Amino acid sequence: ISYSATSPALSNKAQFPYFMRVVDSDVTAAKGLADVCAHFGWRQVGVMYETDTTGENFQTEFVKAATARGVSVIFRQSYPPAVENDISYELGLLAAEPGVRVVVVLASRANEFFVQAEAAGLLDDGQYTFLGPDGLASNFLFEIEGVANTAIRDKLSGMLALVTVTGTGAAYE
């Protein structure tokens with residue numbers, strides 16, 4: 001039983017008959033984020049994701065889901081995990097893309113991603129809306145060395161993250 005594995009590959013019951021997860025796969029998150037983009041009429045978006053299998057799979061699933069909903073992904077950029085590397089170059093590429101104001105982010109360490117995004121000036125004046133799966137919104141992701149980074153959090157007026165909620169009834173259908 002995994003509390004954090006989101007890879008769609010693990011959903012293959014023939015290959016992983018005893019694997020169970022308590023979180024949705026990246027496919028579910030990608031479809032949900034594409035639905036949000038379509039709902040708000042965001043027709044051009046960008047995607048930033050970590051350079052690893054999870055990031056590659058997520059962006060592939062998001063692009064498929066977005067395209068099916070009439071949303072164009074006009075900017076895609078992978079980056080090395082922010083906790084280990086300077087990603088100012090990749091963030092500069094985002095800033096140079098004139099058509100992107102909505103950015104889907106897959107970051108295992110969102111706090112470091114947003115610290116670097118702030119340093120690059122991407123959190124000023126609400127110029128971007130950042131979207132991501134539930135991990136992006138977890139409170140611990142906005143702590144640096146155990147201290148909440150309120151300066152970063154306060155600048156994220158344009159951030160939306162999906163959180164899975166289960167239940168029964170008409171609201172869940």
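This report walks through a predicted model, from its sheet and helices to one serine and a cavity.

## Ground rules

The model is predicted, so local features need pLDDT of at least 70 and side-chain atom pairs count only at pLDDT 80 or more, while totals for chains, interfaces and linings use all residues. Residues are numbered from 1 along each chain as its sequence is written, and side-chain values use heavy atoms, with hydrogens and water left out.

## The sheet

Let's start with the strands (DSSP runs of E, at least two residues, numbered from the N terminus). Five of them form an open sheet in the order β2-β1-β3-β4-β7, with parallel pairing; two strands pair if DSSP finds at least two bridges between them. β2 (72-79) and β7 (159-161) sit at the edges with a single partner strand each, so one side of each has no neighbour in the sheet. On average, neighbouring strands are turned by 20° against each other, direction ignored.

Take β4 (residues 129-132): three bridges join this strand to β7, and the two run parallel. Here leucine 131 stands opposite leucine 160 of β7.

## Helices on the sheet

Helices are DSSP runs of H or I, at least four residues. Helix α3 (residues 88-95) lies across β1 (44-50), β2 and β3 (102-106), at about 165° to β2. Angles run from 0 to 180 degrees between N-to-C directions, using lines fitted to C-alpha atoms, for helices over the stretch in contact. Helix α4 (residues 110-119) packs on the sheet too, touching β1, β2, β3, β4 and β7. Contact means heavy atoms within 4.5 Å.

## A look at serine 78

Serine 78 lies in strand β2. Neighbours within four places in sequence aside, serine 78 is in contact with Tyr49, Thr51 and Glu90.

## The cavity

There is one cavity of 30 Å³ or more: a set of points on a 1 Å grid over the protein atoms alone where a 1.4 Å probe fits but cannot get out. The largest cavity holds about 50 Å³ of space, a volume filled by probe spheres set on the points, which are joined across faces, edges and corners. Eleven residues line the largest cavity, with Leu122, Leu123, Tyr128, Phe130 and Lys155 closest to its centre; lining residues have an atom within 4 Å of a point.

How values were computed:
1 Å grid on protein atoms, 1.4 Å probe; cavity = no way out; pocket = protein on both sides within 12 Å on 5 of 7 lines; lining within 4 Å.
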